[in-house]
Amino acid sequence: MRGFSELIGAPQGRPEALGLRADDLVYGSGVTGRDRRTGRCAPGLLRQADDALSAVEEYLRDISGSLDNVARVSFFLRDPRDITKVNEVWTARFPHSQNRPTYKFMRGQFADEEEVRLDFFAVLGQERNCLYLPKVAHGNPIPMAVRMGRYLFSSRVLPFDPATGEPGRDGPEQARFAAANTDAILRMSQMAWSAVSQGRAFVADPDDDEFVRAEWNRRFGATARAPLHITRYRAGALAVLLEILAAE
Amino acid sequence: MSSIRRVTEVYPRADPAGIPMGLRVDRQVVALGMGAPEAGPDLGRQARAVFRAMRELMERAGGGLENIAKATAYVSSAEEREPVNGTWWEEVFPDLGDKPAYKVLVAPLPAGRLIELDVMAVLGATRRRIDVPGVPARDPTVEIGGMVFTSRVHGTVPFTGDKVAEGGVEGQAAQAFRNVLKLVALAGGSAKDIVQLTSFGRSPGYAEAARQALAAMFPDEDARPPLTTLTNFIPAKFEVMVEMTAVVGGRDN
């Protein structure tokens, strides 16, 4: 792995490493809208979200990349419902509706003036291939998954019936739909489950964990099974969401 | 063409917030900005808690402390550096001959966070300490799994009883770069294997002299390792320090 370096600040900037480049894969963690010289955040979520994306852009520019290389973002917000506000910034930064990274948003805890923090994955030297499922679409302006080069990054895949676009009736059915929709994404990206290196399920009710795990385990058969991490999470009627990361 | 085969996030044992601790890319593990504000408003408690989190990170990634290649701690003031650099770190790594590369920098931290920690590790490999003969170093350079990570290397002239090179910033930078090249060579590599060079000076004015020293050593720009210059705390006896990462083990690391 020769392309290995930390992403660190510009001259006179703050010294913290904000990410890592390993070959063509770039991972950034804990990116904020904090000014690197003053250590202060601009007031307001929108401005901070925009500043955080500027920081991502700046770091990627240092390694001959740009926001075009971003595949997936994880937003951490004081109130996850504020993602609708972040969408203003998101669509301004990524104006082409069929060519955007995907994202997820979660609750974060912040001690001071921070309103938003983000992690991101980017892939250098590759074009973003956005994947959408018929009848199963996010309400937010993101694709269901992004294939870039050898990597596949899904959003939190929705537990909707692919025939009707309606959420499953209960946890077990939602587990089936989320897994089936993940099957479809893998087919679209011409990847097999054996390429999946990690899964993360967002499950509202612990009683549904066994159904999610059963769907997961069934897809690996006798092959080495990728780890599945379960996070307790509730979003309205959505009881099960499934996120994967794959590399072939 | 990338050789990466496996990318996984590393999650803590208890995951109420759903936030990963770090990332595993094949054998490499990285975690950035680990903090422990929940340990309370005491630097010692937070430092020990964040070092425990480092251990958990490695266990959750499938390794242990023996796989850690390098760590960087951040505190809010120069006065807070010493125990983080010394006592509390040595509780985790008491063996002088077997410690990760390490440095403690000063950075503005969010309210409530008295320390943050970055960690890099290579699973399935253990550290080999490398020293420039005649140059004492508290925090080491290590080779691990074909990768080389230095701590902050200073411009000490070998076998002079810890004397720093003359010639101001440029002289010290030149000596620090020579020491870095010696470390790469001792690890089995050469200048072409350097993938990252970072210099540290006390004030921004030092940067140009550091770049000139590097340019003098590598007149051919194409062969010159890229240098990032940062301003941060460095001990009083030095004008410049240099940190380096190299990959000496080919593409299968």
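**Overall form of chain A**

The model is predicted. The secondary structure of chain A consists of four helices and twelve strands. Its radius of gyration is 18 Å, close to the 18 Å that the globule rule gives for 248 residues, so chain A is as compact as a globular protein of that length. The C-alpha trace of chain A spans about 55 × 40 × 30 Å along its principal axes. Of the 248 residues of chain A, 52% count as buried. Among the contacts in chain A that join residues at least 6 apart in sequence, 68% are between residues at least 24 apart.

**Domains**

Chain A is divided into domain 1 (1-127) and domain 2 (138-248). In the contact between them, 17 residues come from domain 1 of chain A and 13 residues from domain 2 of chain A. On the side of domain 1 of chain A that touches domain 2, the elements giving two or more residues are β4 (70-77), α2 (83-93), β5 (102-107) and β6 (116-123) of chain A. The largest share of that side, four residues, is supplied by α2(A). By residue type, the side of domain 1 of chain A that touches domain 2 of chain A divides into eight nonpolar, five polar and four charged residues.

For chain B, the assignment gives domain 1 (7-122) and domain 2 (128-247). The contact takes 16 residues from domain 1 of chain B and 14 residues from domain 2 of chain B. On the side of domain 1 of chain B that touches domain 2 of chain B, β4, β5 (101-106) and β6 (115-122) of chain B are the elements that give two or more residues. Here the largest share, five residues, comes from β5(B). The residues of this side of domain 1 of chain B divide into nine nonpolar, one polar and six charged.

| Domain pair | Distance between centres |
|---|---|
| Domain 1 of chain A and domain 2 of chain A | 24 Å |
| Domain 1 of chain B and domain 2 of chain B | 24 Å |

**Strand β12 of chain A**

Strand β12 (residues 240-247) of chain A is mostly covered, with eight of its eight residues buried. A:V240, A:L242, A:I244 and A:A246 point one way from β12(A), while A:L241, A:E243, A:L245 and A:A247 point the other way, and all are buried. The residues on both faces thus described include a charged one, A:E243.

Two strands of chain A are described here as partners of β12(A). Strand β10 (residues 196-203) of chain A runs antiparallel to β12(A) and is joined to it by seven bridges. In this pairing A:A201 stands opposite A:L242. Strand β9 (residues 151-154) of chain A also pairs with β12(A) in the antiparallel sense, over three bridges. The bridge partner of A:Y151 in β12(A) is A:A247.

**Contact between the chains**

The contact takes 44 residues from chain B and 38 residues from chain A. On the side of chain B that touches chain A, at least two residues each are supplied by β1 (7-10), β2 (22-25), β3 (28-35), β4 (68-75), β11 (194-201), β12 (227-231) and β13 (240-247) of chain B. This side of chain B divides into 21 nonpolar, 16 polar and seven charged residues.

**Nonpolar core**

The largest nonpolar core has 155 residues, and A:F75, B:A69, B:V119 and B:A210 touch the most other members. Helix α4 (residues 168-186) of chain B gives the largest share of this core, nine residues. Leaving out residues up to four places away in sequence, A:F75 touches A:I83, A:V86, A:Y103, A:F105, A:V116 and A:L118.

**Residues with positive phi**

A:Q190 is a residue other than glycine with a positive phi, near 55°. A:Q190 lies in the loop between α3 (171-188) and β10 of chain A. With 10 other C-beta atoms within 10 Å, A:Q190 is exposed.

In chain B, B:D162, also a residue other than glycine, has a positive phi near 75°. The place of B:D162 is the loop between β10 (153-154) and α4 of chain B. B:D162 has 12 other C-beta atoms within 10 Å and is exposed, since the cut-off for exposed is 12 or fewer.

Terms used. Residues numbered from 1 in each chain as written. Chains lettered and ligands numbered in written order. Predicted model: local features only at pLDDT ≥ 70, side-chain atom pairs only at ≥ 80, totals over all residues. Domains from an automatic or database assignment. Contact = placed C-beta atoms within 7 Å. Core = buried A, V, L, I, M, F, W, Y, C linked by C-beta atoms within 7 Å. Buried ≥ 20, exposed ≤ 12 C-beta atoms within 10 Å, placed from the backbone. Rg over C-alpha atoms; globule rule 2.2 N^0.38 Å. Pairing = 2+ DSSP bridges.
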